[in-house]
Structure formats: structure tokens, C-alpha cells
Amino acid sequence: MEVIWSVLTMVLASAKNFETLIVVRFFVGLAESTFYPAIQYVIGSWYKPEELGKRACIFHTASALGPMFSGFLQTGAYNGLNGVRGLAGWKWLFIIDGIITIPIALLGFLIMPDLPSNTRPSMCYTQEQIDIGKKRMADIGRKPPAPFTRKKILGFFTTWHIWTLVPLYILFNNGGGAQNSMIFWLKSFNTRAGHQVYTVGQINTYPLGIQATQVITTLIYAWWSDIVGARWPPMLLAGTWSMITCIVLAATPLYTHIARRWVFYYFTGCNGGLSGLILAWANELNGHDNEKRSFIVASCNMFAYVMQAWLPIVIFPQVEQPRVFKGNVATACINFFMSASCLTHRARPARAYIPLLVAVVFAMATYWLSRRDQRAARKHRESIPDSDVSDDIVLEDDLDPDLKKPITPVEPTVLATLEHRHPAGHVAA
């Protein structure tokens, strides 16, 4: 799929009209849609809870590092390739992106593992390492694949996991619209002054501090979460931080305190690293059912982008940039009810707390329900003989300490980190 993405991305450079651009972009999105949730699912098939947050978040930092490099690449393409062979700089970007991705895709095909249950020995993975991977997952009760059945699929909707984790991910994924405003803010200095204040290169590179903030906070959240053994504390911190940031952007003038606004624009990246934690949580909570785990991870990604396809256009319209008062008031997270309010009128600052409170509700509901299930499973296990205990009620955070020890000091090979094909990572001038 990555090779198909590469070819289609280069085809975008040949588009002669808007209609062609839209059609090709649709297939580009189709090709890239499988990549991120599939990688998070595979990561969740190899690592234990105390390891999973770091691995998932390290991979997710590629979604911030990609745009950072794209910003410099965009500046270089505009300055050095604009007009070369009759192609605009933004068209050269598509060509360069495609060329870069093809060898990465081929490398991933060679070195990326499948699941512990179906990975074959190769130059990258020995049979001993694969066996360790299987044993590690068996120790924590994370099940291997089984056939999908109609009954099983319907059963996904009868448990609480899909009803809390998917909305939580939607809220996260659609709460970062303020990040895009800094470019418009820098451009507005040129319009306001009537002459060039910031060059095209500066406008493309100065906002990269947002991605730098995301990388740093993502890694902090990951290590913090794994150390304390809980996913929700970093989510609450990031939500609160993002809420305060967006309220400041909404409530303060655009040009009165330039340095302060610059800093707060960089702070808009503080909640961008929660994707890895939420999907790590989904992998952990559904480890007892492989098919349910894959379905929920994929559903998180799919429904988040279904919302993101139209919601930012409504609450962050380009004609209102860089002020976008109602978009900034939407703060850290956005759900259906908040988006409906933004469609009808300009939200008041007090309503900036609504999406955060909804995010907190979903995060705490997921946490409380997971603890409830663990208590129930523990009580059930204590009520029956050890020999009769089913593997289905093994708890990932309630194991005998000896079971958590690896059977040999050799760990599975770390998964290759490839660029997350997030739509925001494909930058055009």
C-alpha cells in the first residue's frame, strides 16, 4: 500500500485541474488509511503493558517529525526547484515525497514482522526470538488471531470498550485545529503591514516549533504513562494544558503581545502525542480478544478521520484565520454536541470547558470500567480452583511477578519506525 501511495503521490504533480487533484487525492487517502492503525495493532501484538506506551508513542512521533522535515523540504523546493522544468515548487514536493517513500516501503516489507503467531524465521528474526514473543504475549493473556464470525463482530458492540475508546480517540484527533493558525498569523503580518515581514521560507519553518513541542511531550507522556502504569493521567494533563492554551489564543489580541502568542501557538502541539497512549490502552484492554482489539484500533482511526474530514473546515474556516475565535474556544477535544454548537453560533469562552469535560468523562469512564472488569475477574478467579481458571480472565496488570520475567535475556527485535502517513504530514506550498 505504501508503494501505491508513493506512485499516486507523484501522479498528483501531473494534475491539470482541481477535479483530477481531488480524484487522485481520494486514492492517496485510501492507500495510506491502513498504515497507521495496522502498525499500532502490530506493536500491540509484541509488547507488554509496561513497554507498550513507549513503543506506540515513539512510532507516533513520526507524525510530528514528518511535517518538520516537510517544512524544510518545502522551503528548499520553493527556493531551489520552483519553475524548474516548468513545474511549480509544490509539484516537486509531491515527486520528492514519492521518491523518498518507495525505498522505505520496500525496506519495511523486508524487515517488518507480522504477528508473533505467524512471523517466520528470517535474517531479522530467529525462531528463538519469535518463541519469546509468543511466550510474552501468552503470559499476559493477549490472544493470537482467530476467525472473524458474525456473532463475534456483533459482540464487539455489546461491551463498553468501543463506546468509550472510539469517542475518546475522536475527541483527541479533532482537538488540534489551532495548530494550523500560526501560518495564517505569520502571513497576516505581511497583509497588515502592506509589505513583506516574513518570507515564504520563514512562514513555512517558524511553525515547526509546534511539532517539536509534540515530539517532546509525546515522549514525556509515554515514559510517564509506562512508569505509573496508567494511561489517563497524561491525557488529563494534555487536555488541561490544551484547554488553557486555546482559551488564551481566543481571549487575547493578535498583535499586542507577539512573543506570548508565539509561545502559545507552540503549546498547541502539547496534546498531539496522545494517539499512541489511547491506542496502547485499546490494545491492553482488548488483549483477550485479538479480533476485537484490531476492530477497535481500526475504528478509532477511521471514525476520527471521518469527523476530521469536515469538522475543522466548519470551526476553523480560512476566512476567519488567524483569529478563529470559535475554533480556539473548542479547546482540546471536540465531540458531536460541541461541534453542533460551533455550527450555529460563536461559542462563548465558558463553553471552552465542555469538550475537555467530555474528554475527561470518556477517559475516566474507560479507566473505571477497566478497573471494574479487573476486580470482577480477580474475584471470579479467587472463587474457583487454580486448575479451573480460564485463560480468558488473565489480567495484564495482575500477573504473578515471575510470569513477567522474560524466559531469556533476549528481547524481540524493536519494530522498525516508519513515517506515519498522517494527512497533515503531506505539505504543499
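**Stop 1: two packed helices**

Select helix α3, residues 35–43, and helix α16, residues 290–308. Two packed helices are described by the angle between their axes and the distance between the axes. Here the angle is about 145°, and the axes lie 9 Å apart. The crossing of α3 and α16 is right-handed. Now show the side chains that make the contact. From α3, pick Tyr 36, Pro 37, Gln 40 and Tyr 41. From α16, pick Asn 290, Arg 293, Ser 294, Val 297, Ala 298 and Asn 301. Keep in mind throughout that this is a predicted model.

**Stop 2: the whole chain**

Zoom out and colour by secondary structure. How many helices and strands does the protein have? There are 20 helices and zero strands. Switch to a surface view. The accessible surface comes to about 20,200 Å², and 67% of that belongs to carbon and sulfur atoms. The protein has 429 residues, of which 50% count as buried. Among contacts with a separation of 6 or more, 75% are between residues 24 or more positions apart.

**Stop 3: a salt-bridge network**

Side chains of opposite charge can pair when their charged atoms come close. The count for this protein is eight salt bridges. Select Lys 54, Asp 226, Arg 231 and Glu 284, which are linked in a network of salt bridges.

Centre on Asp 226. Its side chain meets that of Lys 54, with N to O at 3.0 Å. This pair links distant parts of the chain: Asp 226 sits in helix α12, Lys 54 in helix α4 (residues 49–60), and 172 residues separate them. Asp 226 also forms a salt bridge with Arg 231, and the closest N and O atoms of that pair are 2.7 Å apart. Are Asp 226 and Lys 54 buried or exposed? Both are buried. Arg 231 is buried as well.

**Stop 4: another salt bridge**

Now select Asp 289 and Lys 152. Their side chains meet in a salt bridge, 4.0 Å from N to O. Again the pair links distant parts of the chain, 137 residues apart. Asp 289 is in the loop between α15 (274–285) and α16, while Lys 152 is in helix α8 (residues 150–155). Compare how the two are covered. Asp 289 counts as buried because its relative accessibility is 16%. Lys 152 is at 23%, so it counts as partly exposed.

**Stop 5: a nonpolar patch**

Select Ile 58, Leu 219, Trp 223, Ile 227 and Val 228. Together they make a nonpolar surface patch of about 460 Å². Which helix gives the most to the patch? Helix α12, residues 208–228, does, with four residues. Click on Ile 227, which belongs to helix α12. Why does Ile 227 count as exposed? The reason is its relative accessibility of 70%, and the cut-off for exposed is over 50%.

**Stop 6**

Next, find Met 68 in helix α5, residues 62–80. Met 68 has a relative accessible area of 19%, so it is buried; the limit is under 20%. Show what Met 68 touches beyond residues up to four places away in sequence: Leu 208, Gln 211 and Ala 212.

Val 200 is in helix α11, residues 200–205. Its relative accessible area is 33%, so Val 200 is partly exposed.

**Stop 7**

Finish in the loop between α17 (311–315) and α18 (325–329), where Pro 322 lies. Show the backbone. A cis peptide bond joins Gln 321 and Pro 322, with omega at about 0°. Now move to Val 324, found in the loop between α17 and α18. Val 324 is not a glycine, although its phi is positive, about 30°. Is Val 324 buried or exposed? It counts as buried, because its relative accessibility is 1%.

Methods. Residues numbered from 1 in each chain as written. Predicted model: local features only at pLDDT ≥ 70, side-chain atom pairs only at ≥ 80, totals over all residues. Heavy atoms only, no water. Patch = residues over 30% accessible without salt bridge, like charges linked within 9 Å, V, L, I, M, F, W, Y side chains within 5 Å. Areas by Shrake-Rupley, 256 points an atom, 1.4 Å probe, with all protein chains shown as cover. Buried < 20%, exposed > 50% of the residue type's maximum accessible area, 1.4 Å probe, protein only. Axes fitted to C-alpha atoms, helices over the stretch in contact; angles between N-to-C directions. Left-handed = near helix turned anticlockwise from the far one by under 90°. Contact = heavy atoms within 4.5 Å.
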